[in-house]
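Please have the viewer open as you read.

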Amino acid sequence: LGAALSWAIAQELLAQSPMAKVPLPRKEHCTDRLTSEEAKRLLDVAKQRALRNKPAKLHYSLFIGVSLAIRLGLRRGEVFGLRWQDVDLIHHRLTVARSYEGLPKNGKARTLPIPSPLAEELSQWKPLCAPSLVVCPLGKMGMRAFQNLLRDAECPYFSRPWHALRHTFASL
């Protein structure tokens, strides 16, 4: 509504927004996150599934996606838009150049250091992932598999579970 009223003012259809003096309710900030114990358990269960089901790319891809979100704070779209060409395993750097549907949220690429455990996981995953251009080729079954993973790791399910992993990274 605010955008429509601002547009109407810019088009000189309105002199002033009728909402100018209406106080907006306070924004509630989402603070959903996992505890350090829950995050460790989630990574452990995801890794166990990945190693047990190596031929099935779904579980390994999910493990890598969860690891990227928890260890680097990547957004869901950044996890699934990450390409191998943006991962430098020699220098332990990763460039977030795009999201799943385009540019990253702020429109700018950023380079992040890859922690050693994640670099090792990515090195083991890369030959198994080939010939995919993206690091986490989950496909349509990914969200269902993620829900099952959270349940099996006895982690809470939040309204925005991937974003909760980003908050977990920031908290830890």
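Are F80 and W162 buried or exposed? Both F80 and W162 are buried, where buried means under 20% relative accessible area, exposed over 50% and partly exposed in between (1.4 Å probe, protein chains only). This is a predicted model, in which local features need pLDDT of at least 70, side-chain atom pairs count only at pLDDT 80 or more, and totals for chains, interfaces and linings use all residues. Residues are numbered from 1 along each chain as its sequence is written, and side-chain values use heavy atoms, with hydrogens and water left out.

Rings of Phe, Tyr and Trp (its six-membered ring) pair if their centres lie within 6.5 Å; planes under 30 degrees apart count as stacked, over 60 as edge-to-face and the rest as tilted. That rule gives four aromatic pairs, including these two:

| Pair | Centre distance | Plane angle | Type |
|---|---|---|---|
| F80 and W162 | 5.3 Å | 85 degrees | edge-to-face |
| F146 and W162 | 4.4 Å | 25 degrees | stacked |

F80 sits in helix 4 (residues 76-81) and W162 in helix 7 (residues 161-171), 82 residues apart. F146 belongs to helix 6 (residues 142-152), 16 residues from W162. Helices here are DSSP runs (H or I, at least four residues), numbered from the N terminus. F146 has 0% relative accessibility, so F146 counts as buried.

Now to helix 2 (residues 36-52), with its 17 residues. Its buried residues include L42, L43 and V45. On the face turned away from the buried side, helix 2 carries the exposed residues E37, K40 and R52. The buried residues of helix 2 pack against helix 3 (57-72), helix 6 and helix 7, contact meaning heavy atoms within 4.5 Å.

Conventions: Helix = DSSP H or I, 4+ residues; strand = E, 2+ residues; numbered from the N terminus. Expected span 1.5 Å × (residues − 1).
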